[in-house]
Amino acid sequence: MAAVSPLFLTIGILLGLTTLTGILANVSVLLVVYWNRSLQTQINMLLVSLAVADLGVAASCVPFAITTVFLQSNGISDNFCQFSGFLNLFFALASTSMMVCISVSQYFAVTSPMKKIMTNTNCFMIVLSGWVISFLIALGPIMRWGRYEFTDTIYDCNAAHTTRILEMSYNITLMVYAFILPFLTMLFTYTAILRAFREHSVRMLQTELIMSTSQSSMNVSVSIETKICFTVVIVVVTFLLCRTPFFIYLFLITMRVISSSDFLGQLAFWAIYLHSATDPFIYAFKHVEYRETLNEIQMNINKTFKSIFVRDDDYTQAIEE
């Protein structure tokens, strides 16, 4: 086997770090929700579904990408490429679908809290639809709609550059479902959520002024609105930063503006992998209860470890300290 160049080695290390971060962070989300029964609510079940999709990206897609970095096209069979491309696309699309489901769920919870539109059954059906649609779209190239091929500029197997009408239609479908619809949906839902909170804050402020409520309560209302606004901005901006490169890359190769691009191709897929690794920090670990539960789990693991590997006297002394 030929020596691995510094470029390939650097790419492999970066993807490896992304894999490790994504696996640890998303497994932590699953463990926290399982551990703390008070977190087993509808919105947290959506976060669990997102964590499963992101874990799929980290645990299945990135290792294949690392393999292609080192083997390159010489060691990649067609079956391996088809399977790798399917997994990449399936979990990436599922992750995007779950982010849309979360935005829709929060939209109905904020704008129509009394109507109870987002029942557990409706929520389950939306999540299931997201997974099924992602599966069917990812299955397209295997069923001869679209094509997966190894691309030596991004060291991965993904949707191919093509001039065939049928394959171009697949890439266009992919752009619409993976970027345009999710972005427009999240933009609409989160804008409506911010508007609803703003209107609520104005009503609260008017009520407090009439009733001569203390300044502290008004400050609390403004603080909550600021936190919500900040969270929405982080969610939308992160989506744009991590998903736009893939949209641009796919658009350019579909419209035959370019045949390939080392920098843009690598950036597009690295950004998707990075997004899956950062989702737990954006959606879950910003909540205090998640962090507290994770600390509790860590303490219990430490106690279990000490009880197994530390002598009784040392263990008692460690607990007292």
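These are my notebook entries on a few local features of a predicted model.

**Entry 1: nonpolar surface**

I found a nonpolar surface patch of about 620 Å². Its members are Ile172, Val176, Ile180, Leu181, Leu184, Leu187, Phe251 and Met255. Which helix gives the most to the nonpolar patch? I noted helix H5, residues 165–210, with six residues.

I then picked Leu184, one of the patch residues. Leu184 sits in helix H5. Its relative accessibility is 46%, so I logged Leu184 as partly exposed. That class lies between the 20% limit for buried and the 50% limit for exposed.

**Entry 2: backbone at Arg144**

I checked phi next. Most residues other than glycine have a negative phi. Arg144 is not a glycine, yet its phi is positive, at about 75 degrees. Where is Arg144 found? I placed Arg144 in the loop between helix H4 (120–139) and strand E1 (148–151). Is Arg144 buried or exposed? I wrote down exposed, because its relative accessibility is 69%.

**Entry 3: Tyr249**

I moved on to helix H6, residues 215–254, which holds Tyr249. Tyr249 has a relative accessible area of 4%, so I logged this residue as buried. The cut-off for buried is under 20%.

Tyr249 and Ala268 are 19 residues apart in sequence. In space, C-alpha to C-alpha, Tyr249 and Ala268 are 6.9 Å apart.

**Recap**

Leu184 is partly exposed, Arg144 is exposed, and Tyr249 is buried.

Terms used. Residues are numbered from 1 along each chain as its sequence is written. This is a predicted model: local features need pLDDT of at least 70, side-chain atom pairs count only at pLDDT 80 or more; totals for chains, interfaces and linings use all residues. Side-chain values use heavy atoms; hydrogens and water are left out. Patches are made of residues with over 30% relative accessible area and no salt bridge: like charges are joined within 9 Å, nonpolar side chains (Val, Leu, Ile, Met, Phe, Trp, Tyr) within 5 Å. Accessible areas come from the Shrake-Rupley method with a 1.4 Å probe; for residues, only the protein chains shown count as cover. A salt bridge is a side-chain nitrogen of Lys or Arg within 4 Å of a carboxyl oxygen of Asp or Glu. Helices (H or I, at least four residues) and strands (E, at least two) are DSSP runs, numbered from the N terminus. Buried means under 20% relative accessible area, exposed over 50%, partly exposed in between (1.4 Å probe, protein chains only).
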